[in-house]
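Hello,

Here is the structure I said I would pass on. My notes on it follow below.

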Amino acid sequence: MQNRFLLGVSIGESFAEYCLLDNSKVIAAKRAYLPRENLKNSLQQFISSHKDKSITKAAVALRVSEKLLDYKLNGAIAHLTTEGFEHWLDLHRCENSRLTTSDLQFAVKERILANGSVETALDSAQVEAIAEKLQALGTKKACLHFLHASLNPAHEKAAAKILAAKGIEVFVPEKSDGADEVARWRKNALNATVSGLFTDIKNDIAEALKEAVPADGIFYLHSDGKFHQNNNTHCI
């Protein structure tokens, strides 16, 4: 019976590393210097040099250093935040102008209390107006940072629906235990900022692997520390 092999791919700031494993034993490995080597081509070459090996699964980890982030590369991201918290980037030493621009930060009238109850109902008309402005500006992405939305996502879902209807891609914070609001919001902003870059990288990977690995055999490392098949990977 022909052996079945696992391909590991790790992509970082400057290097991509590939390894071929037989069970837990590494039988081949390569490091590609990305400023000099094209990701897709170098991965295809690595696979081609081991084409006698039947690869059944590929595990892919994408990590991008925060210092590489620049909204100019991926399009400026709009941020809609609970009124009174619109300057959240200045909290907990989170100041970072690369994540947005001042004219794309919006305070929204809405408030969910810490027990999940509604203190101030969402001003849907205000969100509609913001969505129209973003559409006119050609802004394609928006982050929603509503206080205590993890406890009661009603306002978050309503605002997301309004924005999506205008063709705007919406990013919301993951629900993670132990993380404060600012940490969750910042992680969401980072993921939105690099989403275009990750999409390009994952497209290159899919193209490089299409002849060697079954489509249902490609797994991406999510921020929860687990591998998932879907392509909506959060890597920050």
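How many bridges join strand β2 to β3, and do they run parallel or antiparallel? Strand β2 (residues 15–22) is joined to β3 by 8 bridges, and the two run antiparallel. Strands here are DSSP runs of E with at least two residues, helices are runs of H or I with at least four, and both are numbered from the N terminus. Two strands count as paired if DSSP finds at least two bridges between them.

Before the rest, a word on the source. This is a predicted model, in which local features need pLDDT of at least 70 and side-chain atom pairs count only at pLDDT 80 or more, while totals for chains, interfaces and linings use all residues. Residues are numbered from 1 along each chain as its sequence is written, and side-chain values use heavy atoms, with hydrogens and water left out.

The sheet

Strands β2 and β3 belong to an open sheet of 6 strands with mixed pairing, in the order β3-β2-β1-β4-β11-β12. Its edge strands, β3 (25–33) and β12 (227–228), each pair on one side only. Helix α1 (residues 39–48) packs on this sheet and touches β1 (4–11), β2, β3 and β4 (54–62); contact means heavy atoms within 4.5 Å. The direction of α1 makes about 20 degrees with that of β2 (axes are lines fitted to C-alpha atoms, for helices over the stretch in contact, and angles run from 0 to 180 degrees between N-to-C directions).

Aromatic rings

There are 3 aromatic pairs. Rings of Phe, Tyr and Trp (its six-membered ring) pair if their centres lie within 6.5 Å; planes under 30 degrees apart are stacked, over 60 edge-to-face, and the rest tilted.

One of the pairs is F15 with Y33, tilted, at 5.2 Å centre to centre and 40 degrees between the planes. F15 is in strand β2 and Y33 in strand β3, 18 residues apart, and F15 stands opposite Y33. F15 is partly exposed at 34% relative accessible area, and Y33 is partly exposed at 32% (buried is under 20%, exposed over 50%, partly exposed in between, with a 1.4 Å probe and protein chains only).

Another is F85 with W185, edge-to-face, at 6.5 Å and 90 degrees. F85 lies in the loop between β5 (78–82) and β6 (105–108) and W185 in helix α5 (residues 181–209), so the pair ties together parts 100 residues apart in sequence. F85 is partly exposed at 25%, whereas W185 is buried at 1%.

Charges over rings

R31 lies over the face of F15, 4.6 Å from the ring centre. K202 lies over the face of Y220, at 5.7 Å. The rule asks for NZ of Lys or CZ of Arg within 6 Å of the ring centre and within 35 degrees of the ring normal.

Regards
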